Amino acid sequence: MNQQASGVIPAVLPLDAILKSPEFAPHIAYERVLEATDGRYAPFPKDLDGRIAAALKRRGIEQIYTHQAEVWEQCRQGKNVVVVTPTASGKTLCYNLPCLQALLKDEKARCLYLFPTKALSQDQQSELNELVGLPPSVDIKNGRGVATGNSLVETFMGLPIKVSTYDGDTPESLRVAARDTGRIIISNPDMLHAGILPNHPKWIKFFSSLKYIVIDEAHAYRGVLGSHVADVIRRLRRIAAFYGTKPQFILCSATIANPRELSEALIGQEIVLVDNNGAPRGEKRIILYNPPLVDAVQGIRRSVVTESRRWMLAFLKAGIKTILFAHSRVKTEVAAAYVNEDLANLYTDNSRIKVEAYRGGLLPNERREIEKGLREGSIQGVVSTNALELGIDIGGLDASVVAGFPGSFNSFWQQSGRAGRRGGTSVSVFVASASPLDQFIMNDPDWFFRKSAEEARLDPDNPYILTDHIKCAAFELPFTNEELDASSAALGPFGKGARDVLEYLEEEGIVRHTGSRWHWADRSFPAEGISLRSATADNVVIIDVTKGRNAVIGEMDRPSAKELIFVNAVYIHRGAQYLVESLDIANRKCLVREAEVNYFTDGLVKTDIKVLSEDESFVCGDSNTAAAKGVVGDVLVRSQVAKFKKIRFHTQENIGYGDIDLPEEEMQTRSLALLFGPDTAGGAVLAAMDEEETGSVLSGAGTLIKLIAPIFLLCDPRDLGLAERVRDPHFGIPALYIYDKYPGGTGLSEALARRTTELFRSIQAAVERCPCKSGCPSCVGPGGNKKGTVEFLQALVGQH
């Protein structure tokens, strides 16, 4: 096989030249080589169906990895299993083997495969359609074929198993056949929630013979999404039990700190952990790169987008296929546009190097076009949000560039793992932004590499989320008193807590309690109005009206639409620029027209907070004097996008402002309020300052908290809201509010409340390590009060 053609970095590494070039070398903060490791193998299980073994051998696979063998053994004992191994370690074969065995043993048996996104589930089906008859993907180790395991084709080829994708993009004409004859249904939680479970009478044949439920990328189900999915799984188990089946679960997850705990919370049952990886690993070079300072006094560094672009260009010009992860839709489109501008006149093998932007809001056919182009090589690079963080097959990529810390270590290693998925040497470059967390990592790279994975957290009993799914469950099947009775052997998946919700719904006239049953009594279809992914199910459709086209080019959830596609905003779609002409929130419609401008836009959000309840009070700190007081409770958050700024391409100059006239968003959620009264160490420091100085100190501390809190919580900084108050209207003293950005809360603020001492120490270390003199984007923000913030934080950790 030709190495260059396969996408593997050539033997004469241009990579070394790139890393040693004066363009990059002076600013590489740290480089670590993760050495290649050999694989550990096991023979095919003795009880493996001969047809499966023959199919594997036809594809050059003579043995399996030890972790695949262990999963097989646990499944054969009837246990639920979660397998936790690195990217590209053959997790797919872990669940394919037991599922295929069950399907071949019983011709009526069915399996359900759930992937987090439509793109990922469609990827599995498209590989079946496109790759049948092509040579398999195998690693040859000492002359022996070993399963690489990321394609369903590797195991289904030649076996009489019908596989059907069933999601929102499946044509109506194919849905009946999928329900009736599909032995394996590939879907996602959203379709299960809104399309399959509410229509379970049409799926009698499927649910009556359901043997296995596979949940891939289980680590993705955390926070809000995870809480929703856990309740969807409760509904699934309830319906399966109604049809007389109790399917086993097989979950796959990337490395997190609590995979068994997360998995058990997700499926509501005990589970066995398999995490002893037997797969080989190619050499990987991890580069930590800190962009050069352009203003040492103010601590301003070169833009992370600009520097990430330069890395991507260097790799692409050297023939190294590359993925760049940006962390917002706007940054993704802007970075892709920059790279394509730079490559406009550069050709290799008589074809231009092509780079695409990949993000949420693209139409399904656009997503698949990009995925196919990457697999086939017509697209050499991609700039993506975290949409490609998961295991969608996009072919052999050799370099990943991560533009700023993605919010969790788990996400970083997932994004880093996108390079080198086909073996060989690979490289991952982490380009630091000016954020405190990124600079903390650059100043202490050993901490970064020894840092263990974060915990994943979900709360299926969140009152808002639970109520939504009790409604859906009651619509699907009446609840019985027996399944709500804690002392009953027939206690249902929702447990005794469902009774309180049902009683509330009865008061509202939504369910009716008759005899021993609780029946759905409303005219609505509840699943239709509940989105698993955001606080609202309302998506705004984006329509291009240029020259009378009236073509739908994308969609966006309502809160994001208010911040990104307001009137006069610049909307960028696959490199093309559009100006927003109108945003009709009531009718979920945004009209845009093609335009050629030299700037992009950024909405400015103002937030107001009202305290609704004080549920728990506690003292922060471990010294004799309280560092602060904490209050956990309910708050009402009102946010409004009132203005926007125009930012010039390339120079990042602010070239003007504009007004936005849109109604405010209201949200009741959970909050941690940190209070700095005169009887606390932090409050005593603030009492000696005037209002302006207090405001700048709280702002600096707040900036640090919001960006470093993700170290302690498996969440993105955007999952947390933060507001500082010099004199809070409710408490009458200086305060910092940290709140969950989701109705009802997701447990993040409560979890942070238990770790305030660690949080204070970490942000104090971050600001004291920063080399700037008076405050910079890497600590308390440009123009911030570094001296005052240091004094304040020292008081919080007992050093004042």
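In this predicted model, the charged end of R238 sits over the ring of F479, 3.9 Å from the ring centre. R32 does likewise with F449: its charged end lies over that ring, 4.4 Å from the centre. F449 also belongs to an aromatic cluster, together with Y30, F405, F412, W413, F430 and F448.

Aromatic pairs number 28 across the whole structure.

| Pair | Centre to centre | Angle between planes |
|---|---|---|
| F24 and Y289 | 6.1 Å | 70° |
| F676 and F792 | 5.0 Å | 75° |

The F24 and Y289 pair joins distant parts of the chain, 265 residues apart. F24 is in the loop between α2 (14-20) and β1 (28-34), while Y289 is in strand β13 (residues 284-289). F24 has 1% relative accessibility, so it counts as buried. Y289 is buried too, with a relative accessible area of 0%.

The F676 and F792 pair spans 116 residues. F676 lies in the loop between β35 (665-675) and α22 (681-687); F792 lies in helix α26 (residues 786-796). F676 is buried at 2% relative accessibility. F792 is buried at 0%.

How confident is the model? The protein averages a pLDDT of 84, and 88% of the residues score at least 70. Confidence is highest in strand β10 (residues 210-215), at a mean of 97, and lowest in strand β6 (residues 138-141), at 31. Over residues 1-12 the pLDDT is below 50, and this stretch has 17 contacts beyond near neighbours in sequence. Residues 127-157 also fall below 50, with 82 such contacts in the model.

Technical notes. Residues are numbered from 1 along each chain as its sequence is written. This is a predicted model: local features need pLDDT of at least 70, side-chain atom pairs count only at pLDDT 80 or more; totals for chains, interfaces and linings use all residues. Side-chain values use heavy atoms; hydrogens and water are left out. pLDDT is the predictor's confidence in each residue, from 0 to 100. Helices (H or I, at least four residues) and strands (E, at least two) are DSSP runs, numbered from the N terminus. Contact means heavy atoms within 4.5 Å. Rings of Phe, Tyr and Trp (its six-membered ring) pair if their centres lie within 6.5 Å; planes under 30 degrees apart count as stacked, over 60 as edge-to-face and the rest as tilted. Buried means under 20% relative accessible area, exposed over 50%, partly exposed in between (1.4 Å probe, protein chains only). A charge sits over a ring if NZ of Lys or CZ of Arg is within 6 Å of the ring centre and within 35 degrees of the ring normal.
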